[in-house]
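This report walks through one model, from its helices and core to its charged pairs and its surface. Keep the structure in view while reading.

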Amino acid sequence: MKKTIPFIVLIALAIIGMLGPSTEMANLSDVKLDSGDTAWLLTSSALVLIMTPGLAFFYGGMVSKKNVISTMLQSFICMCLISIVWVVFGFSLAFGEDIGGIIGDPRTFYMMKGMLGNVVWEGLPTVPLVLFAMFQLKFAIIAPALITGAFAERVRFNSYMVFILLFSIFIYMPLAHATWHPEGILARYGVLDFAGGTVVHMSAGWAALASAIYLKGRKAPTHSPARISYVILGTALLWFGWFGFNAGSAGGANSLAAHAFATTTIASAVAAMAWIFVDIIRGKKPSAMGACIGAVVGLVAITPAAGFVSISHSIVIGLVAALISNLLVFLRSKTRIDDTLDVFPCHGVGGMVGMVLTAVFAHSSINPVVKVNGLFFGETSLFIAHVVALVAVSIFAFFGSLLLIKLTDWIAPLRVHEKDEELGLDRTQHDEEL
């Protein structure tokens, strides 16, 4: 009976869909859609979606050969499961009518109701609302996918799906609402997050750390990466898709999108080179793995700042993020915390570094959304707001995720049997082999 429940739920959703919202068109005379902005956001949505398969290759190449398929599938399945949740009520939780500054009313856009025709989001008046919803969906997809690197090679696939469902509903969507909805508590407090450093990377990073601590280490934590060529391919797809992630968050085909495109490029390039140089100083040879990890850390760090800081300051952000993450990866390796692919030191810490440095270098001349300039320009209130928010979000994301992991483990045990771990998850969870 337990095996049939998910399928029954899916059938029920299909039936509800047939009985759901009407197909009446809403053609508002005062709405003026912009074809250029719409085209760019359509493109950006596709770019952000390609990041999740890119992440699958990035992570899949790093694990042992017997776990490549399972690791990649964990990213891929997020595109399926989270899309369904988002359409039914997830978008409403993130961007629906405000409830206390922490969550949206799930009835607002239930089953995407009221989105046909010239309906727009109040903060993005030149593109259709349904396009904004689909653009934001891609962010919601990659957030739980990022966590998979922390507990790779040791979780049951069915239990994993339960966890990412709970994480998306109770961690990601409240953070998205609090940060990006005009009435969200963090938005009203003045927190700036251009494209998801706080909402996506910090939440995933802290969830990754909680997962690694709770699940404890693998029986054989050291191994040779299965395919470094996969890591390089994954990095290329991530970097390519990240232009939609950051430049798309400008909301249209405009100069701010071009600026975010530039800051994204330079921060990642600097971080990749910095990672290699630090490895050389430590006596290691320059590696493809190091260059790829560094590039991704730079992308993570510039994400919250891309449309708020100058191009020259993006160099600083890429450099600082690479130095700190490289150091924390080394320090993490000296502990018993088995964060398999160093999600917390790279994504979590990278997001936090970006959040703090946004409050250091943000300036209103780059984006008028910035009401108070950063600490570098002699103003302190934005920096204080970001530090307070960083602490609050960290506590919420870590302990909230830890609670959800325990709940998931109670519903469906997360950890595979020792023998299954030894055989590899490709065979034991999916009956497939590379």
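Helices here are DSSP runs of H or I, at least four residues long, numbered from the N terminus. The model is predicted.

Gln74 lies in helix α3. At 2% relative accessibility, Gln74 counts as buried. What does Gln74 touch, leaving out residues up to four places away in sequence? The contacts are Thr148, Phe151, Val155, Phe157 and Tyr160. Gln74 can also be placed against Ala152: the two are 78 residues apart in sequence, yet their C-alpha atoms are 9.1 Å apart in space.

Helix α3 covers residues 68-95 and also holds Ile84. Ile84 is partly exposed, with a relative accessible area of 36%.

Ser45 is found in helix α2, residues 35-60. Its relative accessible area is 6%, so Ser45 counts as buried. Beyond its neighbours within four places in sequence, Ser45 is in contact with Leu131, Met134, Phe135 and Lys138.

Lys32 lies in the loop between α1 and α2. Is Lys32 buried or exposed? Lys32 is exposed, at 63% relative accessible area. Pro125 and Thr126 are what Lys32 touches, not counting residues up to four places away in sequence. From Lys32 to Leu425 the C-alpha distance is 52 Å, and the pair is 393 residues apart in sequence.

## The core

The largest nonpolar core has 133 residues. Which of these touch the most other members? They are Phe58, Trp86, Phe91, Tyr172 and Phe245.

Trp86 shows what such a position looks like. Residues up to four places away in sequence aside, Trp86 touches Phe91, Ala94, Phe95, Met112, Ala133, Met134, Gln136, Leu137, Ala140, Tyr172 and Met173. Two of these partners, Phe91 and Tyr172, are themselves listed among the core residues that touch the most other members.

## Helix α7

Helix α7 runs over residues 197-215. Of its 19 residues, 17 are buried, so α7 is largely enclosed by the rest of the structure. Just after α7, Lys216 takes a positive phi of about 60°.

## Salt bridges

Side chains of opposite charge can pair when their charged atoms come close. How many salt bridges does the structure hold? There are 7. Three of them are tabulated here.

| Asp338 | Arg154 | 3.8 Å |

Take Asp338 and Arg154, whose side chains meet in a salt bridge. Asp338 sits in the loop between α11 (311-332) and α12 (343-361), and Arg154 in the loop between α4 (129-147) and α5 (157-180), so the pair ties together parts that are 184 residues apart in sequence. Asp338 is buried, with a relative accessible area of 8%. Arg154 is buried too, at 0%. Both belong to a network of salt bridges that links Glu153, Arg154, Arg218 and Asp338.

Asp342 counts as buried, at 12% relative accessibility.

Glu421 counts as buried at 8% relative accessibility, whereas Arg415 is partly exposed at 22%.

## A nonpolar surface patch

Phe7, Leu10, Ile11, Ile15, Met18, Leu19 and Ile84 make a nonpolar surface patch of about 740 Å². Which helix gives the largest share? Helix α1, residues 5-18, supplies 5 residues of the patch.

Conventions
Residues numbered from 1 in each chain as written. Predicted model: local features only at pLDDT ≥ 70, side-chain atom pairs only at ≥ 80, totals over all residues. Heavy atoms only, no water. Helix = DSSP H or I, 4+ residues; strand = E, 2+ residues; numbered from the N terminus. Expected span 1.5 Å × (residues − 1). Buried < 20%, exposed > 50% of the residue type's maximum accessible area, 1.4 Å probe, protein only. Core = buried A, V, L, I, M, F, W, Y, C linked by side-chain atoms within 4.5 Å. Contact = heavy atoms within 4.5 Å. Salt bridge = Lys/Arg side-chain N within 4 Å of Asp/Glu carboxyl O. Patch = residues over 30% accessible without salt bridge, like charges linked within 9 Å, V, L, I, M, F, W, Y side chains within 5 Å. Areas by Shrake-Rupley, 256 points an atom, 1.4 Å probe, with all protein chains shown as cover.
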